[in-house]
Every structure is written in C-alpha cells, then in structure tokens.
Amino acid sequence: MDKRTHIINTALTAFYQKGIHAVGINEILKESGVAKKTLYNHFVSKDELICACLEARNKRFNHWLNDRLKNCDTPFEIASALFGSLSIWIDNKAIELGDFNGCFFINTAAEFPHSDHPIAILCSAHKKAVLQLLFDKLSQTTQLKSKSEKAKQLAQLLMTLKEGMICQARVMHSSNQLLQDPLLLRQLVQSYIPKPLQDADFSVS
C-alpha cells in the first residue's frame, strides 16, 4: 500500500470513530507511523486530508452498496436488499465498511455546517450519488423502466428511510428490523408500481 493511501485509511478510521475535530494531525501521525513531512507532502492541510477521506469513503460505500443491489430485478428486491444490507452494516458485519458509527457524511456535515464549505459540499455530493444509484437501479427494473417520475419518487422515499434508519441506529445503538418486514415493504413500494404488475412481481411468501 502506498503512503498516501495508508495515511487516508488511518485518518478515515480515526475520523469515523472519534469525529473530525476530536482527531488532530499528531494522532494521525502516531497511528500511521509516518513523518510529518511525509504527510504534508501529500496533504497541505487537515481539510485536504478530510476531503481525501470523504472521497475514499464515498467510493468504498457506493461500491459496497452497488454490489449488494446488483442482483435485484424488481423494486421490492431493491428495497429489501437495501434495508437488509443496512442492518448487516449496523450489526458490524459489513467488513468493507468497518464497525458501524453512523454515517460518516452525516457526522462530518454536522461538524461543518456551512453549505459552501468544500467538506460540506463533498458530504452533499455523496448523498446525491447514493440517491442517483437508487434511482438508476429502480429505473432498470421492468416495473419502472418507463416510469421515470415514479422511480425518482421511490428512490427519494427509500433514501429518506435509509437515512432515518442509520441515524436511529447511531443514536439508539441498535438496528431496527421494521424496514425488513416484507409486508411493510410491499405496502411502501407497490403504490409506485403500475397495477397490472403488482400482484405478479410483489408477492410475499
């Protein structure tokens, strides 16, 4: 692993578990084992390092989520896989994402509340990328292929529920199984699907 990646991984772990402002450069130097000169050769400031960490986490999370949804063929399967995957992450069983401590982007945005700050902009961009991923997946299903507005609305609904599930888990330190109930998911999803396809594609065994 090259030095830059090693520094980013070390900083990302510390920032995610402890918070941005709680972690100083000296702690990152100690944990990474690199010299201060080496760190500043790669990152001219702490803010630049934070941005690199956000970009790395964005890539890692979206790759993980895309992989979890890749075999889903219907909106119901996408919703089920989404909330099932979140539960796995919350229960510390998603090795790629590490031990759960809420959403790194929500946590970071709370520490950088000004929307025009480069760090806040990256946090917002991540959320938009996840929403786009959900929309793209839904738009590829037979049920919503020609229903762009419905796909957009359902993507926004799933995104909102996803954010709530993550925040609730972070505050209450437990996963909520409600959104893994197939009957509830059917009720949530089927209103966005053309009537003739509902019974055939959203049956719950």
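Predicted model: local features only at pLDDT ≥ 70, side-chain atom pairs only at ≥ 80, totals over all residues.
Modeller: Residues are numbered from 1 along each chain as its sequence is written, and side-chain values use heavy atoms, with hydrogens and water left out.

Colleague: How do you know how many helices and strands the protein has?

Modeller: Helices are DSSP runs of H or I with at least four residues, and strands are runs of E with at least two, numbered from the N terminus; by that rule the protein has ten helices and zero strands.

Colleague: What makes a space in this protein count as a cavity?

Modeller: On a 1 Å grid over the protein atoms alone, a cavity is a set of points where a 1.4 Å probe fits but cannot get out. One cavity of 30 Å³ or more is found, and the largest cavity holds about 40 Å³, a volume being the space filled by probe spheres set on the points, which are joined across faces, edges and corners.

Colleague: Why are residues such as R57 and W89 called lining residues of the largest cavity?

Modeller: Lining residues have an atom within 4 Å of a point, so R57 and W89 belong to the lining, as do F61, C103, F104, F105, H126, K162 and I166. The helices α4 (46-69), α6 (104-111) and α8 (148-172) each supply at least two residues of that lining.

Colleague: What share of the 205 residues counts as buried?

Modeller: Buried means under 20% relative accessible area with a 1.4 Å probe, protein chains only, and 42% of the 205 residues count as buried.

Key. 1 Å grid on protein atoms, 1.4 Å probe; cavity = no way out; pocket = protein on both sides within 12 Å on 5 of 7 lines; lining within 4 Å. Buried < 20%, exposed > 50% of the residue type's maximum accessible area, 1.4 Å probe, protein only.
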